[in-house]
Amino acid sequence: GSAPRGSTEILACGALAGHIRDIAARRGWPVTVRSLPARLHNRPEKIPQQAERLVATLASSPGSRTVLAYADCGTYGKLDEVSERTGAKRLPGLHCYDILAGSDTVREMFHMEPGTYLLTDYLVRTFERTVLASLGLDRYPELWADYFGHYTRVVWLAQEPTPELAAE
């Protein structure tokens, strides 16, 4: 459906959408949060086109404003081009890890140990689907070393740590 006049539409990365909905609800913000599939993280070249298509659809509602709750996310500036064409501003940073931990913290982690693999709560919860199945590692486990052989540590950027997530 179309957004009410004067509304704010947030087009969010699937990995951030739940957090944004929670924050908006806690603060009583009158926003609508929509998301693109989180699996696009494995195909970032598809994010700009899908984002632009949805922004165009949302912008058809008079008086509404759309923002992109995305960092660059591996689009190499293409999401900035969407932002320029549509007027929908995006979040700063290279990826959602910058948003969750701060770009200085992430940069320092990678500097200290370049082979660092970062996980969010979302990735911990959905690892089998969003990483293993999406990359085909469930069907072709011999590719494990190709994808992950150069990593030397895993850092969990815990937003809401629970014993269940820690066990994962």
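A search of the whole structure turns up five aromatic pairs. One of them is the edge-to-face pair of Tyr117 and Phe148, with 5.2 Å centre to centre and 75 degrees between the planes. Keep in mind that this is a predicted model. Below, we start with the rings and then move to the strands and a loop residue.

**Aromatic rings**
- Tyr117 belongs to strand E4 (residues 116-120) and Phe148 to helix H7 (residues 144-148), so their pair ties together parts that are 31 residues apart in sequence.
- Phe148 also pairs with Tyr151: the ring centres are 5.9 Å apart and the planes stand at 40 degrees, so this pair is tilted.
- Ring pairs join Tyr117, Trp144, Tyr147, Phe148 and Tyr151 into a cluster.
- Tyr151, at 30% relative accessibility, counts as partly exposed.

**The β-α-β unit**
- Strands E1 (residues 8-12) and E2 (residues 31-35) pair in the parallel sense, with five bridges between them.
- In this pairing, Ile10 sits opposite Val33 of E2.
- Together with helix H1 (residues 17-27), E1 and E2 form a right-handed β-α-β unit.

**Leu40 in its loop**
- Leu40 is found in the loop between E2 and helix H2 (47-59).
- With a relative accessible area of 5%, Leu40 is buried.
- Leaving aside residues up to four places away in sequence, Leu40 touches Lys46, Ile47 and Gln50.
- Pro30 is 10 residues from Leu40 in sequence, and their C-alpha atoms are 27 Å apart in space.

Conventions: Residues numbered from 1 in each chain as written. Predicted model: local features only at pLDDT ≥ 70, side-chain atom pairs only at ≥ 80, totals over all residues. Heavy atoms only, no water. Pairing = 2+ DSSP bridges. Helix = DSSP H or I, 4+ residues; strand = E, 2+ residues; numbered from the N terminus. Right-handed = clockwise from strand over helix to strand, strands pointing away. Buried < 20%, exposed > 50% of the residue type's maximum accessible area, 1.4 Å probe, protein only. Contact = heavy atoms within 4.5 Å. Phe/Tyr/Trp six-rings, centres within 6.5 Å; stacked < 30°, edge-to-face > 60°.
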